Amino acid sequence: TLLGYSQRAVGDYDKAIVFHQEALEIAISANDYPCEIANLNHLSRASVNQKNYNEALKYSQRALIAARQVGDKLGEANASVNLGYAKVFAVRQLDSMATEDYSEAIRYLESGVELAKKQGDSQSQAFGHISLGIAYVILEQPTGAIASLTQGAELAQYSRDVYLQGLSFSYLAEAYYSIEDRAAAITYGSLG
C-alpha cells in the first residue's frame, strides 16, 4: 500500500496501480478490510490521474460498499469523496456544464466531507472541499468555488498535503481569473 502511494505521489501511476492491486489481493486474502478499502480508494485516485474515469468509479464504488458493509466510517468518508471526485471528472469529460449532471457528485462529496469531519480526517475533508471547488469552477460558480477551495487549502495545509494544496491553489487561480481578479489569479497560479 505504501509503495503504491509513494509511486502515485511521484507520478508513476502505472507502478502505483500494480502495487495497489497486489496489496488489494493480499488484504482480501487476509480479511484485512481497512487495507482492502484503502487500496480500492488508492486505485480510484490513480485511475483518475490516468483519466480512466470508469475504472475510478468502479474502485470507489467497491470501496464505498465494502466500507458500509463492515461499518468503517473513515473508509466510507474517503470512498464517498473519491467517488464524488471521480464523478466530477467523468462528467467533465462529457463536456457537460449542466448543474444537474454534477448533482450526484456534489452529494457524494458533501456526504464524504461530513463523515470525514465526524472522523477527524482533515485530509479527506481537504480533498472533499477541493473536489467541490473543482466542480464549482467547472459549473462557473466562482463564489462557491473560492469558498470550497479556500477551506480545502487550509485543511490541506493543516494535514501537510502539499499536492492537495497545489491542486487547490491551481483551481483558485481559475476561479479568480473567471471573476477577472487578475492579481489573485496570478498569486494562486504561482502558488499552485
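Q: What is the volume of the largest pocket in this predicted model, and which residues are the closest to its centre?
A: In this predicted model, the largest pocket has a volume of about 560 Å³. Among its 24 lining residues, Tyr 5, Arg 8, His 42, Arg 45 and Gln 123 are the closest to the centre.

Q: Which elements give two or more residues to the lining of the largest pocket?
A: Those elements are helix 1 (2-9), helix 3 (33-49), helix 5 (73-93), helix 7 (122-138) and helix 9. Helix 3 has the largest share, with seven residues. By type, the lining divides into ten nonpolar, nine polar and five charged residues.

Q: What makes up the lining of the second largest pocket?
A: The second largest pocket, with a volume of about 190 Å³, is lined by Val 48, Asn 49, Lys 51, Tyr 53, Tyr 85, Phe 89, Arg 92, Gln 93, Tyr 163 and Leu 167. Here the largest share, four residues, comes from helix 5. Six of the lining residues are nonpolar, two are polar and two are charged. Tyr 53, Tyr 85 and Phe 89 also belong to a cluster linked by ring pairs, together with Phe 127.

Q: How do you know that Arg 45 sits over the ring of Phe 127?
A: Arg 45 lies over the face of Phe 127, at 3.9 Å from the ring centre. The distance limit for a charge over a ring is 6 Å, so 3.9 Å is within it.

Q: How many aromatic pairs are there, and why is the pair of Phe 169 and Tyr 188 called tilted?
A: The count comes to five aromatic pairs. For Phe 169 and Tyr 188, the centres are 5.7 Å apart and the planes make an angle of 40°. Pairing needs centres within 6.5 Å, and stacked means under 30 degrees while edge-to-face means over 60.

Q: What makes the pair of Tyr 176 and Tyr 188 stacked?
A: Their planes are 5° apart and their centres 5.5 Å apart. Since 5° is under 30 degrees, the pair is stacked. Tyr 176 lies in helix 9 and Tyr 188 in helix 10, so the pair ties together parts twelve residues apart in sequence. Tyr 176 has a relative accessible area of 16% and is buried.

Technical notes:
Residues are numbered from 1 along each chain as its sequence is written. This is a predicted model: local features need pLDDT of at least 70, side-chain atom pairs count only at pLDDT 80 or more; totals for chains, interfaces and linings use all residues. Side-chain values use heavy atoms; hydrogens and water are left out. Rings of Phe, Tyr and Trp (its six-membered ring) pair if their centres lie within 6.5 Å; planes under 30 degrees apart count as stacked, over 60 as edge-to-face and the rest as tilted. Buried means under 20% relative accessible area, exposed over 50%, partly exposed in between (1.4 Å probe, protein chains only). A charge sits over a ring if NZ of Lys or CZ of Arg is within 6 Å of the ring centre and within 35 degrees of the ring normal. On a 1 Å grid over the protein atoms alone, a cavity is a set of points where a 1.4 Å probe fits but cannot get out, and a pocket is an open set with protein on both sides within 12 Å along at least five of seven lines; lining residues have an atom within 4 Å of a point. Grid points are joined across faces, edges and corners, and a volume is the space filled by probe spheres set on the points. Ala, Val, Leu, Ile, Met, Phe, Trp, Tyr, Cys and Pro count as nonpolar, Asp, Glu, Lys and Arg as charged, and the others, Gly among them, as polar.
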